[in-house]
Amino acid sequence: MRFGELPSWAMALSDSIHDAVLSCSIHVPTDLESCNGRRNELVSPFPSDLLWRQPLFDQLIANLYHPGEGICAHVDLMRFEDGIAIVSLESSCVMHFSQVEAEGGESSSSSSSANRKKIPVYLNPGSLILMSGEARYEWKHEINRNPGVQMWEGHELQQATRTSITLRKLRCVE
Ligand SMILES: O=C(O)CCC(=O)C(=O)O
Ligand SMILES: [Fe+2]
């Protein structure tokens, strides 16, 4: 785990994440009438106030998982600001997202565990996960790699050692 100024390779990674977000961000007209007035908004996988903050990230953790190891469902600690990036390396895997229980817990009918869906996201080696806003605060993420096989769309995933690098920004304490 590392806090404060990141080592140069992690700064380079952070810059690459910044560039990757920019390269898949597009400007779209806010409405048809304003098309000619060139008013448009940026649609981006990371909100621009987060993308342009300085520094983008100042904390990183590298996690090493052997076959059969994963991480249980959680929301990242509130000591970190909004805007989290994870680079997934080496082994493919499936990350599941599930909605945080509403206040009042299991008795709340719309959010009972039976109704709460898990959204699977397939991660290739090199995949970048960006979490902000609702995804960061209202959804848990987990990787369930029990010993044995993990399946994706009917195919068996070959489990190998997996490394992930999570980049975050510490919340300022006043
Ligand atoms: O290994 C991963 O992809 C997830 C890591 C993670 O969620 C965390 O460190 O909080
Ligand atoms: Fe996490």
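Asp76 is buried, with a relative accessibility of 5%; buried stands for under 20% relative accessible area, exposed for over 50%, and partly exposed for the range in between, using a 1.4 Å probe and protein chains only. The model is predicted: local features need pLDDT of at least 70 and side-chain atom pairs count only at pLDDT 80 or more, while totals for chains, interfaces and linings use all residues. Residues are numbered from 1 along each chain as its sequence is written, chains are lettered from A and ligands numbered from 1 in the order in which they are written, and side-chain values use heavy atoms, with hydrogens and water left out.

His74 is partly exposed, at a relative accessible area of 22%.

Helices (H or I, at least four residues) and strands (E, at least two) are DSSP runs numbered from the N terminus. An open sheet is built from four strands in the order E5-E10-E7-E8, with antiparallel pairing. Its edge strands, E5 (71-74) and E8 (118-123), each pair on one side only. From one strand to the next the twist averages 20°, where axes are lines fitted to C-alpha atoms (for helices over the stretch in contact) and angles run from 0 to 180 degrees between N-to-C directions.

Two strands pair if DSSP finds at least two bridges between them. E5 and E10 (residues 139-143) are joined by two bridges in the antiparallel sense.

Gln99 belongs to strand E7 (residues 93-99) and is partly exposed, with a relative accessible area of 37%. Apart from neighbours within four places in sequence, Gln99 is in contact with Arg116, Lys117, Glu138 and Trp139, contact being heavy atoms within 4.5 Å. Between Gln99 and Ile84 there are 15 residues of sequence separation and 17 Å in space, C-alpha to C-alpha.

Helix H1 (residues 8-23) has 16 residues and spans 22 Å from its first C-alpha to its last, close to the expected 22 Å at 1.5 Å a residue. The expected span is 1.5 Å times one less than the number of residues. Ala10, Ser14, Ile17, His18 and Val21 are the buried residues of H1. Viewed down the axis of H1, they fall within an arc of 100°, so they line one face of the helix; the arc is that of the directions from the helix axis to the C-beta atoms. Ser8 and Ser23 are exposed, on the face of H1 turned away from the buried side. Among the elements covering the buried residues of H1 are helix H2 (48-51) and strands E4 (59-65), E6 (84-89), E9 (127-131) and E13 (162-168).

Seven of the seven residues of E13 are buried, so this strand is largely enclosed by the rest of the structure. Arg162, Ser164, Thr166 and Arg168 are buried on one side of E13, and Thr163, Ile165 and Leu167 on the other. In a regular strand, side chains alternate between the two faces of the sheet.

## Backbone details

Most residues other than glycine have a negative phi, and most peptide bonds are trans. The peptide bond from Gln54 to Pro55 is cis, with omega near -10°; Pro55 is in the loop between H2 and E4.

Glu90, in the loop between E6 and E7, has a positive phi near 80°. Glu153 has a positive phi of about 50° and is in the loop between E11 (150-152) and E12 (155-157). Glu153 is exposed, at 65% relative accessibility.

## Whole chain

The chain contains three helices and 13 strands. Of its 174 residues, 37% count as buried. Among contacts with a separation of 6 or more, 80% are between residues 24 or more positions apart.
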